[in-house]
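Please look at the sequence and the fold shown below.

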Amino acid sequence: MLVTSQIMAKMVRRRCAFCPEGEESSIMYISEEKNLAVHQDCLLYSSGFVESEEYSPHNLDIRFDVASVLSEIKRGKRLMCNFCRKKGATVGCEERACRRSYHYFCARCDDAAIETDEVKGIYRVFCPKHDPGNRNNHYDAVSRRRRQSMIPSTIREAKSTEETAEENSLRVLRNNNRHKVRIDFLRKCKQAGLLDDIFEAMLDTLHLAQEKLMDDNTSETEYEETVTSLFECGLFANILTNAHSGTEEKIQELLETRKRLDTRIELLQELKEEVVLPVQENRASASSSVSE
């Protein structure tokens with residue numbers, strides 16, 4: 001019976017007496033029994049929080065269960081804020097692949113995008129890198145800089161390093177997943193007996209490209225499109241790279257061949273100059289001697 005009463009206990013709605021009328025962050029919910037006070041927005045935008053099933057727009061006093069609030073606070077103790085680097089960050093970026101979490105007011109300071117539709121019950125936050133472009137908020141730049149200056153420089157540097165490492169890890173993971181999908185796809189094509197057909201189609205495409213490039217009547221537009229397609233193809237780029245890498249070796253071979261030919265030419269020139277042909281007179285006397 002005690003458990004049931006705790007689950008059904010509700011947070012009581014209050015407004016901060018110091019905040020001006022209409023201030024969005026002035027609404028708070030408290031539980032005197034649990035000595036607990038929370039901002040309404042901190043609850044609404046928390047990723048793991050759900051409003052009470054008994055909630056009605058006409059009775060805002062039964063909006064949040066005490067037990068649900070305590071559960072979300074417990075969850076937040078494991079989450080570090082991407083902005084201030086402190087625990088309790090229950091507001092996560094709505095992008096599934098993103099692991100950034102914030103305190104609600106830290107999200108605003110970091111210029112996170114906030115989407116709100118009270119009629120549909122939508123309360124979402126996107127980190128600056130995943131801003132979908134239809135935000136409801138534009139946080140004051142002066143306030144953001146003031147909040148940022150409160151963070152020690154060592155924490156800011158660590159934050160920047162961690163973000164870079166996280167981005168690199170996500171990039172590597174995406175590339176690995178993409179390669180795995182392609183490998184699995186080709187293996188399935190092989191098993192289905194489609195690999196030969198795929199390569200025949202590739203060869204037909206390459207032959208067609210060759211014909212267009214060799215044909216002097218190909219229009220400039222077709223020529224440019226063909227060249228662009230070939231260079232965007234990784235296979236063609238690899239072939240060109242390999243050909244380029246073998247250029248130096250080919251040049252050395254030709255230089256050696258030219259050197260050998262130059263040597264032979266020089267020897268032939270020397271032989272041409274050194275050969276002594278018989279003088280005409282000697283040739284005549286030799287002929288008379290033979291006749292006698």
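Q: Is phenylalanine 64 buried or exposed?
A: This is a predicted model, in which local features need pLDDT of at least 70, side-chain atom pairs count only at pLDDT 80 or more, and totals for chains, interfaces and linings use all residues. Residues are numbered from 1 along each chain as its sequence is written, and side-chain values use heavy atoms, with hydrogens and water left out. A residue is buried under 20% relative accessible area, exposed over 50% and partly exposed in between (1.4 Å probe, protein chains only). Phenylalanine 64 has a relative accessible area of 0%, so its class is buried.

Q: How many aromatic pairs does a search of the whole structure find?
A: Rings of Phe, Tyr and Trp (its six-membered ring) pair if their centres lie within 6.5 Å; planes under 30 degrees apart count as stacked, over 60 as edge-to-face and the rest as tilted. By that rule, the number of aromatic pairs in the whole structure is four.

Q: Of what kind is the pair of tyrosine 29 and phenylalanine 64?
A: Tyrosine 29 is in strand β2 (residues 27-31) and phenylalanine 64 in the loop between α2 (40-44) and α3 (66-76), 35 residues apart. Helices (H or I, at least four residues) and strands (E, at least two) are DSSP runs, numbered from the N terminus. The ring centres of tyrosine 29 and phenylalanine 64 are 4.7 Å apart and the planes stand at 90°, so the pair is edge-to-face.

Q: Which residues of the largest nonpolar core touch the most other members?
A: A nonpolar core is a set of buried Ala, Val, Leu, Ile, Met, Phe, Trp, Tyr and Cys residues joined through side-chain atoms within 4.5 Å. The largest one has 29 residues, and those that touch the most other members are Met11, Tyr45, Phe64 and Val69.

Q: Which element gives the largest share of this core?
A: β2, β3, α2, α3, α4 and β7 each supply at least two residues of the core. The largest share is four residues, and it comes from α4.

Q: In which sense do strand β6 and strand β7 pair?
A: Two strands pair if DSSP finds at least two bridges between them. Threonine 116 stands opposite tyrosine 123 in β7. Strand β6 (residues 113-117) and strand β7 (residues 122-126) have five bridges, and the sense of the pairing is antiparallel.

Q: What is the phi of asparagine 35?
A: Most residues other than glycine have a negative phi. Asparagine 35 lies in the loop between β2 and β3 and is exposed, with a relative accessible area of 73%. Its phi is positive, in a residue other than glycine, and near 55°.

Q: What is the phi of aspartate 111?
A: Aspartate 111 has its place in the loop between α4 and β6. At 25% relative accessibility, aspartate 111 counts as partly exposed. Although aspartate 111 is not a glycine, its phi is positive, at about 60°.
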